[in-house]
Amino acid sequence: MKVLGIETSCDETGVAVVEDETVLANLLASQVQLHERFGGVVPELASRAHVEALTPLLDAALEQAGIGFGDLDGVAVTAGPGLVGALLVGIAAAKSVALATSRPLIGVNHLEGHILANAVEHGRDLVPAVCLVVSGGHTMLVHMPEPHRYEILGQTVDDAAGEAFDKVARFLGLGFPGGPAVDRLARHGDPNAIRFPRAMADSGDYDFSLSGLKTAVLRHVKAERDAGREVDAADLAASFQEAIVDVQVSKTMQAVRDLGVESILLGGGVVANSRLRERIDKAGAEAGLRVMIPSVQLCTDNGAMIALAGAWRLERGERSSLAIGADPSMELR
Ligand code: KG4
Ligand code: ZN
């Protein structure tokens, strides 16, 4: 089944064509340069940029896949969660293609896309698994007992991990988005240089809290500067990153033990983080678990994950009405 996938929930326009779990085309128009000078995503600018990027991307994706609109079996689009105006641009485009080609439309949950992106490299057989989903808007642990069934074990009570990366990076003057910059800088630093708090590490549940860590970083830098000392940015980045990764790895391992599953599955933009990948791989291997992590391009927002998740749902006979709207706070269930 050949399915078109459109992703416009935030600041990346993604258009892809998949055939089952094979990616035929996966194109991205990044808006990083547009939002960079504001230090974050400006919703109105994002919607407008999606409008401009979509038509050329659609043509290019079909050309790369070597097919025409008539060869599609369905159209998948991110219906939420995300920025409402940005989502609506993708939804309008997807409806047009579905209507013009008389192909079924399916609205996809962005977070399910992040989770199922794993199927591209790890195959269809993903369940049962504990999923760690970490992005710019979400930080959650999810139990996936069977395909398309999600039980939320816990989530952040304040900031998402990606948000913490972005805020600390902005404070350090590393630019936007901050995650990749902190990751690069941290490679030259000592993760044990500064002992930042591991919030909720021993809370006995699967929830996370990230806002205190961000404050601790700011406070540390200020205290050092006030004392006339220069802060080593690489040590700071590595120590901050380690505090986040420590809690994420330990809570994921705890969930796996509690639920007795044998697979760990990661998804979301923050999963591009090299330290998180390394630590969870190691912890999983030591415990004899199967660890599934998408390649970096499939961790950050993309159209392929939406096309794939949509294809699976279409295959089950699910359809969305041409009247669907955007759901900015859509829940994973
Ligand atoms: O999934 P995603 O592309 O968009 C959302 O759904 O939010 O995630 C974006 C987030 C940003 O906060 C970005 O800084 C973070 O993922 N990110 C990273 C890395 N690459 C992207 N965080 C840490 N390390 C990275 N290498
Ligand atoms: Zn995302």
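I placed each charge at NZ of Lys, CZ of Arg, CG of Asp or CD of Glu. On that basis the protein chain has 29 positive and 44 negative side chains, and the centres of the two sets lie 3 Å apart.

Ground rules next. This is a predicted model, and I used local features only at pLDDT of at least 70 and side-chain atom pairs only at pLDDT 80 or more, whereas totals for chains, interfaces and linings use all residues. Residues are numbered from 1 along each chain as its sequence is written, chains are lettered from A and ligands numbered from 1 in the order written, and side-chain values use heavy atoms, with hydrogens and water left out.

**Overall fold**

I found 12 helices and 10 strands in the protein chain. Both are DSSP runs numbered from the N terminus, with helices being H or I of at least four residues and strands E of at least two. The radius of gyration is 20 Å, close to the 20 Å from the globule rule for 333 residues, so the chain is as compact as a globular protein of that length. (That radius is taken over C-alpha atoms, and the rule is 2.2 Å times the number of residues to the power 0.38.) The C-alpha atoms fill a box of roughly 65 × 45 × 30 Å along the principal axes.

I looked up burial too: 52% of the 333 residues count as buried. My cut-offs were under 20% relative accessible area for buried, over 50% for exposed and partly exposed in between, with a 1.4 Å probe and protein chains only. For contacts I took heavy atoms within 4.5 Å. Among contacts between residues at least 6 apart in sequence, 74% join residues at least 24 apart.

His-110 is buried at 6% relative accessible area, and Asp-301 is buried at 14%.

**Asp-281**

I placed Asp-281 in helix H10 (residues 274-286). Asp-281 is partly exposed at 40%. Leaving out residues up to four places away in sequence, Asp-281 touches Val-291 and Ile-293.

Most residues other than glycine have a negative phi, and most peptide bonds are trans. I noted a cis bond joining Gly-80 and Pro-81, with omega about -10°. Pro-81 is in the loop between strand S4 (74-80) and helix H3 (84-101). The bond from Phe-176 to Pro-177 is cis as well, with omega near -10°.

Ser-102 is not a glycine, yet its phi is positive at about 55°. Is Ser-102 buried or exposed? Ser-102 counts as exposed, at 63% relative accessibility. His-148 has a positive phi of about 65°, but His-148 is buried at 10%.

Definitions and conventions: Lys and Arg count as positive and Asp and Glu as negative; His and the chain ends are not counted.
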